[in-house]
Amino acid sequence: MGFLDYFRATPKSGKSATLAKERLQILVSHDRLEANSPSYLPKMKEELIEVIRKYVDVDQDAVSVKLEQKGSREMLELNVVLPD
Amino acid sequence: MKGHRSAVIDFDVGLRNLDLIMGCERRVVYDFVNVINGEANLNQALIRDKRSDNLYVLPASQTRDKHALTQEGVGRVLEELSEDFEYVICDSPAGIEHGATMAMYFADDAIVVTNPEVSSVRDSDRMLGILASKSRRAENNEEPIKEYLLLSRYSPERVKEGEMLHVEDVKEILALQLLGVVPESKAVLTASNSGVPVILDKEGDAGKAYMDVVERYLGEDLPHRFIEIQKKKLFGRLFGR
Ligand SMILES: Nc1ncnc2c1ncn2[C@@H]1O[C@H](COP(=O)(O)OP(=O)(O)OP(=O)(O)O)[C@@H](O)[C@H]1O
Ligand SMILES: [Mg+2]
């Protein structure tokens with residue numbers, strides 16, 4: 001905790017402002033990803049998941065598709081949690 | 001008020017209001033779209049502020065045609081204004097539609113006005129994304145638009161109670177330099193009711209906060225005010241002021 005933080009009106013956790021901050025942090029990073037991704041991404045995700053499920057018996061939420069941007073390079077990350 | 005020749009343009013096509021806030025609504029003859037279409041020249045359309053010799057207002061058009069502002073036309077008018085004015089202030093409408101994109105496209109600096117509320121902060125972040133990608137500076141690979149945060153309707157009491165986002169939290173989420181905090185104030189409505197900009201209210205907190213914003217923007221290094229709860233001064237209480 002910084003020196004100045006000590007003087008900040010520290011809101012108690014559990015208060016709505018804390019909740020607002022947490023929600024915003026998640027939302028904003030999600031928005032930023034979405035804004036930078038092509039509009040076909042949701043459909044592509046859906047189809048990819050469908051194809052995988054044709055071969056492997058996994059739950060819908062066991063497959064995650066993420067598009068990441070690192071500098072000028074775009075990375076499509078496909079994550080499948082296979083059943084034991 | 002600081003002696004710089006300035007023009008303010010209302011970009012809210014279809015919902016003209018800046019003239020009302022500035023108290024010059026009865027002197028509107030021509031508007032921004034008239035100038036773009038060559039139906040009037042800038043000298044005819046610009047309204048000189050009654051209180052400030054260096055300030056001029058270019059009102060928005062009331063047309064329902066959303067695309068009345070063409071990029072080429074806006075660029076032309078801004079170019080012409082910049083020959084005669086030190087500062088051209090583009091008042092952007094809310095949202096990410098045409099009017100807003102036109103207001104920001106040619107910008108050098110951007111002041112993002114946010115309320116300490118989730119929806120407002122989120123929208124501001126979206127606007128920042130557009131500023132960084134869809135402006136002329138971005139398209140020409142020039143130095144990016146300088147972005148500043150102006151937090152309005154702030155209530156230190158509610159922040160203390162944990163009911164309102166702290167200014168530091170908003171700053172952190174948006175990763176912006178803070179230009180100023182304007183406290184929630186009754187003077188703002190009084191000012192708009194009477195068509196007198198609140199910055200002219202030299203006694204009130206909101207007026208002072210806006211003056212600080214201007215001075216900071218012009219390069220002065222002022223400490224931020226109105227972030228802490230203002231206690232009644234002891235002397236003030238003792239002497240019943
Ligand atoms: N510091 C303040 N204290 C109290 N009320 C305020 C304050 N700032 C703004 N308001 C009120 O909030 C409302 C919106 O303000 P304003 O028109 O400046 O916002 P805006 O972002 O320009 O809106 P728009 O997107 O419609 O152009 C007005 O009713 C105004 O009186
Ligand atoms: Mg406005």
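Contact here means heavy atoms within 4.5 Å. This is a predicted model, in which local features need pLDDT of at least 70 and side-chain atom pairs count only at pLDDT 80 or more, while totals for chains, interfaces and linings use all residues. Residues are numbered from 1 along each chain as its sequence is written, chains are lettered from A and ligands numbered from 1 in the order in which they are written, and side-chain values use heavy atoms, with hydrogens and water left out.

**Glu172(B) and chain A**

Glu172(B) belongs to helix H9 (residues 167–174) of chain B; helices (H or I, at least four residues) and strands (E, at least two) are DSSP runs, numbered from the N terminus. Apart from its neighbours within four places in sequence, Glu172(B) is in contact with Lys21(A) and Gln25(A). Its side chain makes a polar contact with that of Lys21(A) at 3.4 Å. A polar contact is a pair of N or O atoms within 3.5 Å; within protein, one must be able to donate a hydrogen and the other to accept it, and residues adjacent in sequence count only if both atoms are side-chain atoms. Glu172(B) is partly exposed, with a relative accessible area of 46%. The classes are buried (under 20% relative accessible area), exposed (over 50%) and partly exposed in between, with a 1.4 Å probe and protein chains only.

**Chain B overall**

Chain B has 12 helices and 7 strands. The C-alpha trace spans about 65 × 40 × 35 Å along its principal axes. Of the 241 residues, 45% count as buried.

**Buried sites in chain B**

Helix H5 (residues 98–105) of chain B has 7 of its 8 residues buried. Those buried residues pack against H4, strand S4 (87–91), helix H6 (118–133) and helix H7 (136–139) of chain B.

Asp212(B), in helix H11 (residues 205–217), is buried at a relative accessible area of 7%. Beyond its neighbours within four places in sequence, Asp212(B) is in contact with Leu222(B) and Arg225(B). Ala68(B) sits in the loop between strand S3 (55–58) and helix H4 (71–84) of chain B and counts as buried at 11% relative accessibility.

**Ligand 1**

The residues surrounding ligand 1 (a heavy atom within 4 Å) are Ala94(B), Ser152(B), Arg153(B), Val182(B), Pro183(B), Glu184(B), Ser185(B) and Val188(B). Strand S6 (146–154) and strand S7 (177–183) of chain B each supply at least two residues of this shell.

| Residue | Protein atom | Distance to a nitrogen atom of ligand 1 |
|---|---|---|
| Ser152(B) | polar side-chain atom | 3.5 Å |
| Pro183(B) | backbone N or O atom | 3.0 Å |
| Ser185(B) | backbone N or O atom | 2.9 Å |

Taken alone, ligand 1 exposes 630 Å², and the protein buries 50% of that; accessible areas come from the Shrake-Rupley method with a 1.4 Å probe, and for residues only the protein chains shown count as cover.
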